[in-house]
Amino acid sequence: MNPQDLLQLFDERAIEAVRPLLALSAGLIILLLSGVFDGLKALRGPIVVATLLFGGWLTASNFVTQPGVVLDGTYSADRAASAWGLLFVVATLLAWLFSHHYYAEDERPFQLEHDVLMLTTPIGMMLMGGAQNLIVFFVGLEILSIPLYALASFRRSRARSVEAGLKYFLLGAFAAAFFLYGSSLIYAATGTVQLAEIKAIGIHGPLALAGVALLMASLFFKISVFPFHLWVPDVYQGSPTPVTALMATGTKAAAFAFLLNAMFMLPAKAAVLVAVVALVTMALGNLGALAQTDVKRMLAYSGIAHAGTVLLVVAGTLAGDPESGGALHAALFYMGAYVFTAAGAFGLLALLERDGERFTSLESLKGLAHRRPVVAAALTLFMLSLGGIPATGGFLGKWMVFSSLVRAGLIWPAVIGALLSVIALGYYLRVVIAMYMQPASDRDAATQSVRGASAMPATLAAGVCAVFVLVMGVLPSLFLDRLP
Amino acid sequence: MDQLTLITFLPLVGALLVLLTPASQEKVLRAIALVTTLVVAVLGVRLYLQFDGASAALQCAVDKPWFVLPGSAIAVRYKLGVDGLSILMVVLTAVLMPTVILSTWGHIHKRVKEFMVWMLVMQTGMLGVFLATDLVLFYFFWEVSLIPLYFMVGIWGGERRLYATIKFFLYTLAGSLVMLVAVIALIYHFRTADIETLCAQAGSLELTKQLWLFAGFALAFSIKVPLLPFHTWLADAHTEAPTSGSVVLAGVLLKMGTYGLLRFGVDMFPAASLELAPLFMALGAVGIVYGAFLAMAQTDVKRLVACSSVSHLGYVVLGMFALTRAGLSGSILQMVNHGISTGLLFLLIGMIYERRHTRALDQFGGIASTMPIFAFFLVFTVLSSAALPGLNGFVGEYLILLGAFQAKPLWAIIGVLGVIFGAVYLLVATRRVLFGPVTHEENKHLEDLNVREIGLMLPMVVLAVWIGFQPTPFLDQSRGSLDRVMKKIELARGAQSAALEVQPLTTEEVVR
């Protein structure tokens, strides 16, 4: 390819499509430079926020103008990709706001590195969400994953954080290798890595199927689906809580965005298999969560269960959901509600944590309704939304996932899935019980609620999450009417 | 603003007002809650007076766009309306609440603010369930109304409150989520969420589909009622709930189950109801007797009344699935009656508990001599609950047994046995509490009921006598709607017997 062609490739439409990526990258560089000059240190926060807001605004404008598939069919900035892109930006912004007051004094000097790493992740996620090409996806995956490995072990003085980083890195490396190997097999079978061309040629023969299986294994690893979910509890619990929030919401959403684009590779016969995998994931996640005494770890298991729930839409599509875009709508709305709910829940935990892991235990939440009634009320709202109770965004998400199954005729998976989500309420309610129905132990009452008062950005972010969760539940038309 | 929206959401507004009032101002909090529920009660009575029972149509209907399900373009609308099946339930919910709020003066002393908030939110949820005429909206209110009771039992309940509240919540939720699948299937099949349209069209489904959908709905409602064998959560929830929680639970929440069976079972799937009627009549009749036996064995008065609830709701189901005119009328009236009598019983038990701090039967005896007014009300209520002619319970049970006898005499006979057992456990318990010598020192100096306690029970007492002597105006309210339902049932019955007659013909053909 000569330079001339390259220029032609970057036509106006392409520039428009990648504007959000460029804006985020530019902000990233400015942020790095600000670390060099002492006088600019105070600007670090505003730079991060401005970059994300600007990136988000450009993504939103792409949502309206829809530049479509560009760069020789490798990257797409259509409505769906832009909607996902907005979610990624929101997830990053929320995670960053929660991280603002999170770290202890000894970790503060590296706050710049932390912010830089965090600001890198939405670039990777957007590439993943818009990828129409296996290699582009892989590049996005790495841009996302490598900062996350570092972020997971960011509290380097704590063994658990380091363990989380190492575990995530080792298993993530395996997953990446799976993806590459799978892609190469698919390339060998079809002669292309472009999704559109693979779709035209079709997946035939054992070689291509093996490639698809490896590809799916890697994606299932990222979205934490059985049998690739075992890393989640340790990594989520060990990582700094804002990073956990980012992993639970952003990473998962990005992998799902690509999974929906790539699910045509799965044979229709796999519908039942996918449904079973999804249900097993839900069961393992919910049963695992039921046994936890630490809320952060419990939310990690609940994240596994939610991944299983979203995976059900893939089963629905494979089984012939007559509604085109049904899977996309359901997954987008579900993940949208989940981003606000889970980020809000993890964010409130980060707010309560103050120091060390002790304050994420169920025990320490006892009597919270007296000490901090607003935090308790918000956390209750998030728990109800995670449980899919009406008047919250979680309900309609669940509704759409199950309706995709019902339309496709998969009634039994829908019924079993519904019953499995009853288990989930069992542990979400435990959090509510601890906060409202059990008295605090004296020790906690004395030590808590010192730091939270100063954490304005985190409080604001949690408030925004709560508002969105409620609005998505009560006035869903604001979002539903805009679905691609 | 239209009447039904006002009636439904006024309690929610009250809840917001309570929320904004400082928690230390207990008197103001209670006053806000009381005034709100009183206004709702007045609105409810006005609605009742305006309502035309001869018409089968939805009245006072509200219809506004809410949201559109993406892709399929199925409109989910904010639709409220009242018809003969729901009017009595709406009025009961509206009228019962001031009594409930007044009763909290006696037993809710901690976290008053939160309690009032949950009570008012609950009222919005319950009214929404009865008034919603859009299936999604109905489901919305149905699940929302779970949460307040969960908090009420969990925070203000007795010793085993956490166990009871989780059991109640998970039990009901399991049913609700299975119903969710049925709701989705129904909505996507007919591509509408409008209950009226669905009711008109669902009868055209083939029988197997109707049966499955009916099963999905009926499971949720049977758990809520609760019908045998799903009744175990009720005794725990009732026993642990604070008095006012028990009154709402017995008075209204359980009726959501029977109301659901009526609207989404009998009215929506007449053929399936006909098919499964023997099963439900059996469950109802066995529930009557089994609940009565359970009640006889109890030593805790509150648990006794909880078990009697199982028995009384058995009548409602028995009458409903007799699928005769008398049975249906009776079961609708019995829903109200049960709300009045059992509500009163729970109130009285709460009052004696506030004085004695025990509910064990053997701790009482001879109370009639120390608390004559209390004794009068208790005897009155027990007689109403045991269906003494001249009081409300009699009319309902008589109609139900009559209807059941027309359909399946066997189950009616078993139901009559239940009437006798019911009188036995109620009268035995009354004797042990009120009469005989005063055996316990503490019972010698009990304060009799005060003006507030008498006042809060009076409306229900008046209603009990009124329904007992003049049931016709109450029964007439559901006349139009029941005509419509009966027409559907007759059609389905005709189709069923036609199918039975056709079958031998086809076998003959095969033989030929």
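First, a term I needed: I call a residue buried if 20 or more other C-beta atoms lie within 10 Å of its own, exposed if 12 or fewer, and partly exposed in between, with C-beta atoms placed from the backbone. The model is predicted, so I kept to its rules: local features need pLDDT of at least 70, side-chain atom pairs count only at pLDDT 80 or more, and totals for chains, interfaces and linings use all residues. Residues are numbered from 1 along each chain as its sequence is written, and chains are lettered from A and ligands numbered from 1 in the order in which they are written.

**Pro413(A).** I looked up Pro413(A) and found it in helix H19 of chain A; helices here are DSSP runs (H or I, at least four residues), numbered from the N terminus. Pro413(A) is buried, because 24 other C-beta atoms lie within 10 Å. Beyond its neighbours within four places in sequence, Pro413(A) is in contact with Ala275(A), Leu279(A), Leu312(A), Ala315(A) and Leu405(A) (contact: C-beta atoms, placed from the backbone, within 7 Å). I also checked Trp399(A), 14 residues away along the chain: its C-alpha atom is 14 Å from that of Pro413(A).

**Chain A against chain B.** I then asked how many residues each chain brings to the contact. Chain A gives 30 residues and chain B gives 27 residues. On the chain A side, H19(A) supplies the largest share, 13 residues. That side divides into 20 nonpolar, seven polar and three charged residues (nonpolar: Ala, Val, Leu, Ile, Met, Phe, Trp, Tyr, Cys and Pro; charged: Asp, Glu, Lys and Arg; polar: the others, Gly among them).

**H4(A).** Is this helix largely enclosed or open? I noted that 20 of the 21 residues of H4(A) are buried, so the rest of the structure largely encloses it.

**H4(B) and H6(B).** Helix H4 (residues 112-131) of chain B packs on helix H6 (residues 146-156) of chain B at about 150°, with axes 9 Å apart; axes are lines fitted to C-alpha atoms over the stretch in contact, and angles run from 0 to 180 degrees between N-to-C directions. H4(B) is therefore roughly antiparallel to H6(B) (under 35 degrees is roughly parallel, over 145 roughly antiparallel, 65 to 115 roughly perpendicular, the rest oblique). The residues of this contact divide into ten nonpolar, one polar and one charged.

**H7(B) and H10(B).** The axes of H7(B) and H10(B) come within 9 Å and cross at roughly 135°, which means H7(B) is oblique to H10(B). I counted six nonpolar, no polar and four charged residues in this contact.

Notes
Helix = DSSP H or I, 4+ residues; strand = E, 2+ residues; numbered from the N terminus. Contact = placed C-beta atoms within 7 Å.
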